[in-house]
Each structure stands twice: as C-alpha cells, then as structure tokens.
Amino acid sequence: MSENYNTASQLLILEVNTGRGNKLISITDLQYIKAANKCTIIFFDDFSNIKTNHLLKWFVFILPKPEFIRCHNSFIVNCQRVDYYCSNEIILKRMVRIPLSRNKKQHFKKSYNLFFRKKIIQKLENKDIHAEFSPNTLI
C-alpha cells in the first residue's frame, strides 16, 4: 500500500509502486506526471523518470493542491516548474512543453493563480521574519 509522509519541513515523500517494487520519491524533484495506458511516468528535474503502476487520478488525489495541477487528461504539472502558459500549452522551466486542454484551462488558471499568490505571501512572511531579526534591527 502506498502512503505519503509529511515531515516537519513539509517535504512530501511519496511511496510509489513500480515494476521493480516500491520506491520513495521526493515530490520537490518532480517536474510533471504523464499517463501511459494503465500506468504513469513521473519525470524529474534531472530528466530521469520512473514508470509507476498507479493511475493518474491516484496522483490527483494524493498530491498537494494547488502545487500540483491536472492540466490535461494525461498530465499533472508541478506549479513550481511552470515558466509560461498560453491558450493550449504550458512551458516548464526546462523548456518542456505540456498540453493544456480546453476543458481544464480555467481550472489551471485559477489554481495557478492561487499557487502564485500563496508563494508571494510566503515570501513576504519570510521577509518580515528576516527583517525582524536582521543585524540592523539589533543595533
């Protein structure tokens, strides 16, 4: 049985079932996931990939939102890796092109906007914390 583990640093480790057995992966290294018949292929930042025995909808259920978005019937993208998007595709930071379906475009835009806002708020909160404890405030 596959599980996911949250650590104190919010690093999500996922146990996936492959043809060779179970494997633990860090979702921080995940670029996108592609459906391939009754299994999926996970693509990582280093261009490696793993074929799993899970359906894409299992990943939709298990991965955190809005960080991971299903943008097409056959694809899930990691929002951290999105560089651009247009009417029919998403371009990831490594110039990987992922299709964006008409049916999922509005959902993608809304979710990506939410993800981006969340990211900006986190940066602002971290900036406030660092400013509060910066060497200049101690003088």
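**Exercise 1. Burial and overall make-up**

Find what share of the residues in the protein chain is buried, and describe the make-up of the chain.

Solution. Buried residues make up 37% of the 139 residues in the protein chain. The model is predicted. Its accessible surface comes to about 9300 Å², and 53% of that surface belongs to carbon and sulfur atoms. Next, the secondary structure: the chain holds three helices and 11 strands. Their order along the sequence is β-β-β-β-β-β-α-β-β-β-β-β-α-α. Last, the contacts: among those with a separation of 6 or more, 38% are between residues 24 or more positions apart.

**Exercise 2. The salt bridges**

Determine how many salt bridges the model has, and which side chains form them.

Solution. The cut-off needed here is a side-chain nitrogen of Lys or Arg within 4 Å of a carboxyl oxygen of Asp or Glu. With this cut-off the count is three salt bridges.

Step 1. Arg-81 and Asp-45 form a salt bridge, with 2.8 Å from N to O. Arg-81 sits in the loop between β8 (75–78) and β9 (82–85), while Asp-45 sits in the loop between β5 (39–44) and β6 (49–52), so this pair ties together parts 36 residues apart in sequence. Both Arg-81 and Asp-45 are buried.

Step 2. Lys-118 pairs with Glu-67, and their closest N and O atoms are 3.0 Å apart. Lys-118 belongs to helix α2 (residues 105–132) and Glu-67 to the loop between α1 (56–62) and β7 (68–72); the pair links distant parts of the chain, 51 residues apart.

Step 3. Lys-118 has 32%, so it is partly exposed. Glu-67 has 19%, so it counts as buried.

Step 4. Arg-97 and Glu-89 also meet in a salt bridge, at 2.5 Å from N to O.

As background, side chains of opposite charge can pair when their charged atoms come close.

**Exercise 3. A three-stranded sheet**

Work out the strand order and the pairing in the sheet that contains β9, β10 and β11.

Solution. Step 1. The sheet is open, its order is β9-β10-β11, and the pairing is antiparallel. The edge strands are β9 and β11 (97–99), each of which pairs on one side only. On average, neighbouring strands of this sheet are turned by 30° against each other, direction ignored.

Step 1. Take β9 and β10. These strands run antiparallel and are joined by three bridges. One example is Tyr-84, whose bridge partner in β10 is Ile-91. A hairpin of three residues connects β9 to β10.

Step 2. Take β10 (residues 89–92) and β11. Three bridges join these antiparallel strands. Glu-89 has Pro-99 as its bridge partner in β11. Glu-89 is also the salt-bridge partner of Arg-97.

**Exercise 4. The surroundings of Thr-40**

State where Thr-40 lies, and list its contacts beyond the neighbours within four places in sequence.

Solution. Step 1. Thr-40 lies in strand β5. Its relative accessibility is 0%, so Thr-40 counts as buried.

Step 1. The side chain of Thr-40 makes a polar contact of 2.4 Å with the side chain of Thr-52. The Thr-40 side chain also reaches the backbone oxygen of His-54, at 3.2 Å.

Step 2. With neighbours within four places in sequence left aside, Thr-40 is in contact with Ile-33, Lys-34, Ala-35, Ile-50, Lys-51, Thr-52, His-54, Leu-55, Leu-56 and Phe-59.

How values were computed
Residues are numbered from 1 along each chain as its sequence is written. This is a predicted model: local features need pLDDT of at least 70, side-chain atom pairs count only at pLDDT 80 or more; totals for chains, interfaces and linings use all residues. Side-chain values use heavy atoms; hydrogens and water are left out. Helices (H or I, at least four residues) and strands (E, at least two) are DSSP runs, numbered from the N terminus. Buried means under 20% relative accessible area, exposed over 50%, partly exposed in between (1.4 Å probe, protein chains only). Two strands pair if DSSP finds at least two bridges between them. Axes are lines fitted to C-alpha atoms, for helices over the stretch in contact, and angles run from 0 to 180 degrees between N-to-C directions. A polar contact is a pair of N or O atoms within 3.5 Å; within protein, one must be able to donate a hydrogen and the other to accept it, and residues adjacent in sequence count only if both atoms are side-chain atoms. Contact means heavy atoms within 4.5 Å. Accessible areas come from the Shrake-Rupley method with a 1.4 Å probe; for residues, only the protein chains shown count as cover.
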